[in-house]
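Trainee: I would like to go through this model with you. Shall we start with the DNA and then turn to the chains?

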Protein chains: 2
Amino acid sequence: MMIKTPVTPGSSQRVTSHDVSREAGVSQSAVSRAFTPGARISPEMRQRVLDAAQRLGYKPNAIARSLVTQRSGIVALIVGELHNPFYPQALSQFAQALEARGKRALLLTHDVHRDIQETLEAASSYQIEAAIVFPTRLGSTAPSLGDVSQGGVPVLLFNRHLPGHDLLSVACDNYAGGRLAAQVLLDSGARKLAFVGGDPDTSTHQDRLNGFVERLSESGLSPLATPSLSFQYDWGVQATLNLHGALAGGSAGDGDRDWPDAIFGANDIIAIGILDALHMLGRRVPEEVSVIGFDDIQESARLAYRLTTIRQPLEAMIEDALAALDDPQPGHGPRLHPGELIWRDTVRAAKG
Amino acid sequence: MMIKTPVTPGSSQRVTSHDVSREAGVSQSAVSRAFTPGARISPEMRQRVLDAAQRLGYKPNAIARSLVTQRSGIVALIVGELHNPFYPQALSQFAQALEARGKRALLLTHDVHRDIQETLEAASSYQIEAAIVFPTRLGSTAPSLGDVSQGGVPVLLFNRHLPGHDLLSVACDNYAGGRLAAQVLLDSGARKLAFVGGDPDTSTHQDRLNGFVERLSESGLSPLATPSLSFQYDWGVQATLNLHGALAGGSAGDGDRDWPDAIFGANDIIAIGILDALHMLGRRVPEEVSVIGFDDIQESARLAYRLTTIRQPLEAMIEDALAALDDPQPGHGPRLHPGELIWRDTVRAAKG
DNA sequence: CTGAAAGCGCTTACAG
DNA sequence: CTGAAAGCGCTTACAG
């Protein structure tokens, strides 16, 4: 019986649908149909093919299928530097969500040296069905993205949007989140608030800042300071140290007059840097100064931090992103998802 | 001039080598050769084709090429849960290294519910050239991997090896690393050493533990305790709290007699958990207790931790993994790379 | 160096 | 329902 097997098991020769059709004594078309979900084929035939396929260890060649169906089932995931733990989490959840839909994730990187545009073009030769861009840093280079989406492949920005462009994008409602952060801090009794921002050239930064500032102004306040640079831990530390240094230098003696009683870190990794710096400076949290972040990365829940923050609804955002990609209407602005306040220990309890 | 263009720019119709051959007035073979690096083609012909391709916005279809060349250029990266920041870093570096070699990374996940075997089979339909498995957790399910590598696709375990199997694997020399950790701690004057392990069912854990224990025994010592569970932050915290509780409960009054003066965390994320727990317990590091980790993840360098640790030479390991995959000899055991001691602030300085 | 032709492993009208 | 045939977009002997 083994003798008629054209391919010995374990051999590195690929077994094709022709091999199976021979083994099963049916046409090659029948083999194809047996592996095509909705195809017109009798149950007996299908079983017969499946048995033969099993015997030969046959697996349909997805590459060949892609070529004829014109659907690769491949979605590109384009990531930059992963300094922010928010992205690995998002990345892995995207990969899983894609797999659950029978699609595959092609992982591509972009960095300062390689334009996203360039990366996208390389990916497009693999006939990707869509591209999801995680813009850890984006900036003025972004407009070039528009060209690619014209190329027929829908491109979606995750966690960012580009004001001028009609690109698909899914993000947290960062403006509302910024307002919420201000609200929470004001409710806690804070009156001297600071904002430590991320990359000023991103919508994420801008929207959170704007929401924050506008809510403050409604209470007749404005932020003490809004230093901004990048969405990284080191910057959170540095900004806090700078704040301290400036104040210490400015007014000797009663240097605390202008020290903030609350700080909004533009994201959690910054807020964690702030917390560490505050600790070094001997400032007690939340007694002397409250801190709130944005994202709710896993680290924020740790005992050492217990950071109060605004959670991005990652799961819902990913579902929505995938849905948007399935039906790529030129988005009327970004698709926004509300953030959720996560109460932990770094914001003073409201007085009264 | 635009009139003869068969495909209007921006149209979603794909432009093929035939379209280009028509535009350039040459054969389709010529178009193919123009895009094939070492092909026999005159410079003039190539330029003519390239110009026409440019005009039409032609990009070769990698899927079609794969089908005929039998080389997809796709390598599968299979990741589990990303609780340990070491993996995202490795993942992203792998993706970059692959791109630098003109290959693509297909990102796949596996979890408790989905066997790695199953994931690999799904990947194999994309004609992957190799698979790299990041076994955040592996265990008794591992042996099934052997079957896949028989299927013709070389499988490489990264950061783990399987004692019984002949799978390719690249890892840090964890045994030597364990010895080194013991050495450093002993040199610092420690005599009551504890080990907080990860998943006991992994080679990583076992090798580090063995190296540690054997070095201690050479000095006539044995570890105070070796609780082990998983490579996670929470476990580092919990294990430390447990240690404390057990001792506090055991001997009232002079409870410190058996409290360790040094702890080796099986990896950095555990060590960081240990550090946080120690801080909560009011134990001073390194004055009362030294802590050393393994990996050197980015977080370990933070001001808040300044963790002394043993760095895995990630870059070298990745290069070696890719080299091993290009020439997949049935590895004679795992390919080991020496760890490097990174001195920071959590181990007491050696006494004069 | 160049072109015509076969073929990679599939899917899918098209007849029966 | 089933099979023979065309074709997806390329590469690569094979002649010239």
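Trainee: Which atom of DNA strand C does a polar side-chain atom of Ser42(B) lie 2.9 Å from?
Mentor: This is a predicted model, in which local features need pLDDT of at least 70, side-chain atom pairs count only at pLDDT 80 or more, and totals for chains, interfaces and linings use all residues. Side-chain values use heavy atoms, without hydrogens and water, residues are numbered from 1 along each chain as its sequence is written, and chains are lettered from A and ligands numbered from 1 in the order written. The polar side-chain atom of Ser42(B) lies 2.9 Å from a phosphate oxygen.

Trainee: Which element gives the most to the surface near DNA strand C?
Mentor: A residue is near a strand if one of its heavy atoms lies within 4 Å of it. An N or O atom in the side chain of Arg65(A) is 2.8 Å from a phosphate oxygen of DNA strand C. Helices are DSSP runs (H or I, at least four residues) and strands likewise (E, at least two), numbered from the N terminus. With five residues, the element that gives the most is α4(A).

Trainee: Which residue of chain B forms a salt bridge with Glu299(A)?
Mentor: A salt bridge is a side-chain nitrogen of Lys or Arg within 4 Å of a carboxyl oxygen of Asp or Glu. Two are found across the interface of chain A and chain B. With the closest N and O atoms 2.6 Å apart, the partner of Glu299(A) is Arg302(B).

Trainee: Which residue stands opposite Leu107(A)?
Mentor: Two strands pair if DSSP finds at least two bridges between them. β2(A) and β2(B) pair in the antiparallel sense over three bridges. In β2(B), the residue opposite Leu107(A) is Ala105(B).

Notes. Polar contact = N/O pair within 3.5 Å; in protein donor to acceptor, adjacent residues only side chain to side chain.
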